[in-house]
Each structure stands twice: as C-alpha cells, then as structure tokens.
Amino acid sequence: MDHGGHGMTMDLPPFTLGRGLEWSADPFFLTACLVGLGLYGWGVVRLRRRGDSWPVGRTISYVIGVLTVGLVMCTKLNDYGMVMFSVHMVQHMIISMLSPILLLLGAPVTLALRALPPAARGRKGPRELLLMFLHSRYMKVITHPAFTIPLFIASLYALYFTPIFDFLMGSKTGHIAMMVHFLAVGVVFFWPIMGVDPGPSRPGYLMRMLELFAGMPFHAFFGIALMMASEPMVETFKHPPASLGIDALSDQNAAGGIAWAFSEIPSVLVLIALLFQWYGSEQRQAKRQDRAADRDGDKELEAYNAYLASLNTRGN
C-alpha cells in the first residue's frame, strides 16, 4: 500500500461483495471491538452471578452493533473504501447511522452502572466517575439538539465538500480518526432521541421525533447533491485505480444514491424503538396510577369504616 497525497493507491481487483467481505482487519478497530465485547460480556456475567437479570435483547443488539463496526472496518470493505466513493459511503452510513443505534439499544452505560462496584465511602471509583460524567455540564451541551443536529449535518457537508476529507484520507491515522468521528457523532445524535441509558434530561417523545426528522432530510439532500453533480467533487476519489475498472463520476453517483437511500433505515429503526419506549412508558404510568388509586380507595374505605364505628359507638 502506498499512502499518497490523496489517500491510498493500491491494486485491487474489481469490487464484488464476496471480495469486500474478505478478512482484512484494521488493528485499532479490531482491538476496540474485542475490548467492547469483552467488557460488555464481563458486565452481563457479573450481574448473572449476583442473581440479577439482564435483557437478552439488549445483549443481542449490542453484539450486532459491534459486529457492524467490525464488518466495515475489519474486512476488505475498508481497503476498497479508500479508493471507491460508493464503498466508503456504505462504511460511513453503517458506522454513523446503524452501529450507534444498535449499540445504544444495548444500554452499555446502564450495564456499567449496575455491574461496577461502588467505591468505599469518600472515594471515587469508575462507577462514581461515570455518574459524574453523565451529570456533567459537558454532557448536557454535547447531547443538546442545538449541538447534535448541526454537528450531524456538518459531518457531511463540512467534511466532504472541503479539503478536510482529502487531508484525513491521506493517512491511515486520519482515516481511523474520521471513522471514530462518524461513530461518535452517531452516538451523540441518537442518544438523546432513543438511547436507553440514563443521561441529561430528555424531551418528550414527540419532541424527540422532531429532532430525528430535523437531521435526516439533510442526509437526503447530501445524497442528491452527489447524484446530480456533473463532475467528481471529492479529490480523493477523482482518479480510481485502473484495476478497479470504474468511472469516478458513476461511482460518485452510486455513493449519492447510497447516502440518500440509507437515511430511511435509521429513521424507521429509531421510530420503532421510540414507539415501543413510549408504549412502555405509558403502561408504567398507568400501573402507577392504578396503584395510587387502589391506595386512595383503601384509605377511603378505612375512613368510612372508622365513621361507621364512631356512629356505632355513639349509638351505644
């Protein structure tokens, strides 16, 4: 591999799905995925040994989330993504819009808070530090819609349509930093909307849906801009290796189509998750009200019985 000024030039055969899914691990992401799975597994085992339960659905969601990161960063998709705009866009969409949703539905922060032992009185251990971070002003800022929505949009337009993208694609470190950024932006955007974990105060369900739909159209517009362009817009992908046998403009059009189509997938997933959460919240609220009504009813009955007893005493 030759790290050129505009990314990596390499002789790759024409892209097929079979070739794209061949093993080609990025050491940084492979290590991160294994550590993420290991820590989550430790938390679940610790709860089980203590006799506490942990929803299987959350574990499945988290594991699939980690595997989607591994899919785009530890296979040949990552190699092809350095020279093909369309493959790079698949990587970007999965790691920024599908992986974060699945990871958040796995509730890793809740698991950590339940599994980590509390520190001795007067001391601060990992659990206490995590709680401080969750309630910090910093978290309130980075999960506020006034921050998350512009960041979500800027990650597309300010990155691809400026020289920043070419600079980052010029080295392996830059490329890793970009992918970490995409994943982090996705987590920060979707956490306040549909995350299961505790965090800064969340708005009501209707407001969360509005937040979701405030960001998604910009993804579609970005895709349309790429599809309608009459010349290659990103320097990195202007001169694909001859061995790939692709045309740069056609590949860019395909990338735009992927960005446009993919914006629907997370919208549907998040809406389903939100509706389930909303329904669950309403059910819990109804149960609380029923219990309160039962208690009030018992008090009224007791008062009535006491009243009858007092009448009886007076009659005697």
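Search the whole structure and you find one cavity of 30 Å³ or more. This is a predicted model, where local features need pLDDT of at least 70, side-chain atom pairs count only at pLDDT 80 or more, and totals for chains, interfaces and linings use all residues. Residues are numbered from 1 along each chain as its sequence is written, and side-chain values use heavy atoms, leaving out hydrogens and water.

A cavity here is a set of points, on a 1 Å grid over the protein atoms alone, where a 1.4 Å probe fits but cannot get out; lining residues have an atom within 4 Å of a point. The largest cavity has a volume of about 50 Å³, a volume being the space filled by probe spheres set on the points, with grid points joined across faces, edges and corners.

So who's around it? The lining is His92, Ser96, Phe152, Ser155, Leu156, Phe182, Val185 and His219. (Helices are DSSP runs of H or I with at least four residues, numbered from the N terminus.) The lining divides into four nonpolar, four polar and no charged residues. Ala, Val, Leu, Ile, Met, Phe, Trp, Tyr, Cys and Pro count as nonpolar, Asp, Glu, Lys and Arg as charged, and the others, Gly among them, as polar.

## The largest pocket

A pocket, by contrast, is an open set of points with protein on both sides within 12 Å along at least five of seven lines. The largest pocket holds about 810 Å³ of space. It has 26 lining residues, and Gly36, Leu39, Tyr62, Leu103 and Pro108 lie nearest its centre.

Which helix gives the most to this lining? That's H2, with nine residues. H2, H3 (56-73), H5, H6 (108-115) and H11 each supply at least two. By type, the lining has 23 nonpolar residues, two polar and one charged.

## The second largest pocket

About 340 Å³ of space lies in the second largest pocket. Its lining includes Arg58, Leu105, Tyr205, Gln277 and Arg284. Helices H12 (205-228) and H14 (264-315) are the elements that give two or more residues, with H14 giving the most, at five. This lining splits into four nonpolar, four polar and four charged residues.

Leucine 21 sits in the loop between H1 (17-20) and H2 (27-49). It counts as partly exposed because its relative accessibility is 43%, and partly exposed covers what lies between buried (under 20% relative accessible area) and exposed (over 50%), using a 1.4 Å probe and protein chains only.
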